[in-house]
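User: Hi! I'm new to looking at protein structures. Could you walk me through this one?
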Amino acid sequence: MNEYLKSFNLFTDIEINDFLNLSQTILLKKGDLYINNNEICDSIAFVKSGIFRSYYYSNNDDEITYCFTFPNKLLMAYSSFISQKKSEENIQALTDAEIISIPKATLEDLAKSNSNWLRFLKIIAEKEYVELEKWIFNHQKDKAQQRYLDLITTQPEYIKEIPLHYIASYLGVTQRHLSRIRANITY
């Protein structure tokens, strides 16, 4: 977390230590939910270790995986975090995981007292928007095979830990189609 915050080139070591003192380390077991749908996301977390998936239920009550979160990334149900309305998504640990969490109210207090934290929140909002836009574009223009290649290229060390049915859901294909995609790829 320390290196992650330093990467923004906004904070002094004292500011980072203050943040860490206000945060809480949480250990999650494989299968645990960080956020459950119909709950309000009132904190932001940093993934120290583990893999998470974000999913929602379709009108047919099928689970639709739309996002994976890997170590050294932020974790939250962002629309619920900003609106403070109930989340429509679930965020589940796919492996045992360790996160560093800080309540929204604490982060807002930091932002009121130090403009660097306000800038940090602005950067996070911009990054979330860019990620959402990228996801939309990729899912509309790229075929499932290209999205799978992107996933195994950017996260090769973690991809083997994600069950195939979640990857298939993420890609918007059946497990059978994912098997064909995988068979056509040479490593």
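Predicted model: local features only at pLDDT ≥ 70, side-chain atom pairs only at ≥ 80, totals over all residues.

User: Nice. Switching to helix 4, which of its residues are buried?
Analyst: Helix 4 covers residues 104-113, and its buried residues are Lys104, Leu107, Leu110 and Ala111. They span an arc of only 120° around the axis, so they are on the same side of helix 4.

User: Why would residues that are a few places apart point the same way?
Analyst: An α-helix has 3.6 residues a turn, so residues three or four places apart point the same way.

User: What do the buried residues of helix 4 pack against?
Analyst: Their partners are helix 2 (13-22), strand 3 (43-49), helix 3 (78-83), strand 8 (97-103) and helix 5 (115-141). On the face turned away from the buried side, helix 4 carries the exposed residues Lys112 and Ser113.

User: How many cavities of 30 Å³ or more are there in the whole structure?
Analyst: The search finds one. The volume of this largest cavity is about 40 Å³.

User: What kinds of residues line the largest cavity?
Analyst: Its lining has ten nonpolar residues, with no polar and no charged ones. Among them are Phe19, Phe46, Leu107 and Phe120. Strand 3 gives the most to this lining, with three residues.

User: What about the largest pocket, what is its volume?
Analyst: The largest pocket has a volume of about 1,400 Å³. It is lined by 40 residues, and the closest to its centre are Cys67, Phe68, Glu128, Glu131 and Leu132.

User: Which element supplies the largest share of that lining?
Analyst: That would be helix 5, with ten residues. By class, the lining of the largest pocket has 18 nonpolar, eleven polar and eleven charged residues.

User: New topic: what is the phi of Asn38?
Analyst: Asn38 has a positive phi of about 75°, although it is not a glycine. As background, most residues other than glycine have a negative phi. Asn38 is in the loop between strand 2 (33-35) and strand 3, and it is exposed, with a relative accessible area of 52%.

User: And what is the phi of Gln84?
Analyst: Gln84 is not a glycine either, and its phi is positive too, at about 60°. Its place is in the loop between helix 3 and strand 7 (90-93). Gln84 counts as partly exposed, at 32% relative accessibility.

User: Last one: what does UniProt list for residues 28-114?
Analyst: The unreviewed UniProt entry lists residues 28-114 as "domain: Cyclic nucleotide-binding". In the model, that stretch is 18% helix and 43% strand, and its end C-alpha atoms are 31 Å apart.

How values were computed:
Residues numbered from 1 in each chain as written. Heavy atoms only, no water. Buried < 20%, exposed > 50% of the residue type's maximum accessible area, 1.4 Å probe, protein only. Helix = DSSP H or I, 4+ residues; strand = E, 2+ residues; numbered from the N terminus. Arc of directions from axis to C-beta. Contact = heavy atoms within 4.5 Å. UniProt positions renumbered as here; feature names shortened; annotations may be inferred. 1 Å grid on protein atoms, 1.4 Å probe; cavity = no way out; pocket = protein on both sides within 12 Å on 5 of 7 lines; lining within 4 Å. Points joined across faces, edges and corners; volume = space filled by probe spheres on them. Nonpolar A, V, L, I, M, F, W, Y, C, P; charged D, E, K, R; others polar.
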